[in-house]
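Please open the model in a viewer and follow the selections below in order.

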Amino acid sequence: MRTAFPDFRLGNVLATSFTGTLSERHGNAVERIPTPHRLIDWLAVNGLAVDSCTTAQLDLARELRESIHAAATAAAIQDALPASAVQVINDCSAQGRAAAILTSEGKRRWLLGSASCVEDALSVIAADAISIIAGERDGKLALCASPTCQAAFFDTSQSRTRKWCDMNTCGNRQKKARFNANQRKNPRSAE
């Protein structure tokens with residue numbers, strides 16, 4: 001029987017979705033890419049299919065993920081970007097062979113090198129991180145208000161006041177906790 005892995009938390013922004021492969025960073029951390037094959041699965045779901053992945057490539061992917069998270073967190077709180085994180089992001093961006101192509105539906109899709117490798121896919125993720133951290137895209141980097149999560153996410157809401165990285169997880173969990181606390185304070189209101 002195959003070991004069950006936690007579901008991926010997918011979003012609309014590649015770089016911050018990638019950082020979401022490790023969630024609940026300040027609680028009971030959940031690793032969503034624990035094996036090389038699981039990284040292959042995540043990349044495929046995000047349109048970056050690769051042929052194989054080694055343990056060393058998984059380690060590089062996790063290093064990029066943590067570097068993006070560190071830089072995005074610093075940008076969200078308007079702090080200086082960590083030099084080591086910037087270096088990892090830049091190195092990953094420069095080492096891949098990927099090209100943006102336009103589909104007949106008018107959508108952008110990434111075409112990886114002829115022997116699609118993890119480094120090509122990571123270069124796409126790093127380039128996406130660069131565009132959001134540099135402020136080139138319409139939106140704002142923010143941190144999830146959940147005290148156990150605090151994931152960096154890219155807020156594209158009209159008011160730019162989103163509080164949660166994902167309303168279906170962190171937002172609902174916080175709303176439920178608030179509701180239960182109110183019920184304990186006012187037990188009669190449930191009658």
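Select Glu31 to begin: with a relative accessible area of 23%, Glu31 is partly exposed (between 20% and 50%; buried is under 20% and exposed over 50%, with a 1.4 Å probe and protein chains only). This is a predicted model in which local features need pLDDT of at least 70 and side-chain atom pairs count only at pLDDT 80 or more, while totals for chains, interfaces and linings use all residues. Residues are numbered from 1 along each chain as its sequence is written, and side-chain values use heavy atoms, without hydrogens and water.

Arg65 is buried, at 3% relative accessibility.

Next, select Glu66, which also forms a salt bridge with Arg65 (2.8 Å, N to O). Shared partners join Arg25, Glu31, Arg62, Arg65 and Glu66 into one salt-bridge network.

Now display Arg25 with Glu66: their closest N and O atoms are 2.5 Å apart. Arg25 is buried at 18% relative accessibility, whereas Glu66 is partly exposed at 30%.

Leaving out residues up to four places away in sequence, Leu64 touches Phe18, Val88, Ile89, Cys92, Leu122, Ile125 and Ala126 (heavy atoms within 4.5 Å).

Finally, select Gly139, which is partly exposed at 26% relative accessibility. Beyond its neighbours within four places in sequence, Gly139 contacts Phe154, Asp155, Thr156 and Arg160.

Conventions. A salt bridge is a side-chain nitrogen of Lys or Arg within 4 Å of a carboxyl oxygen of Asp or Glu.
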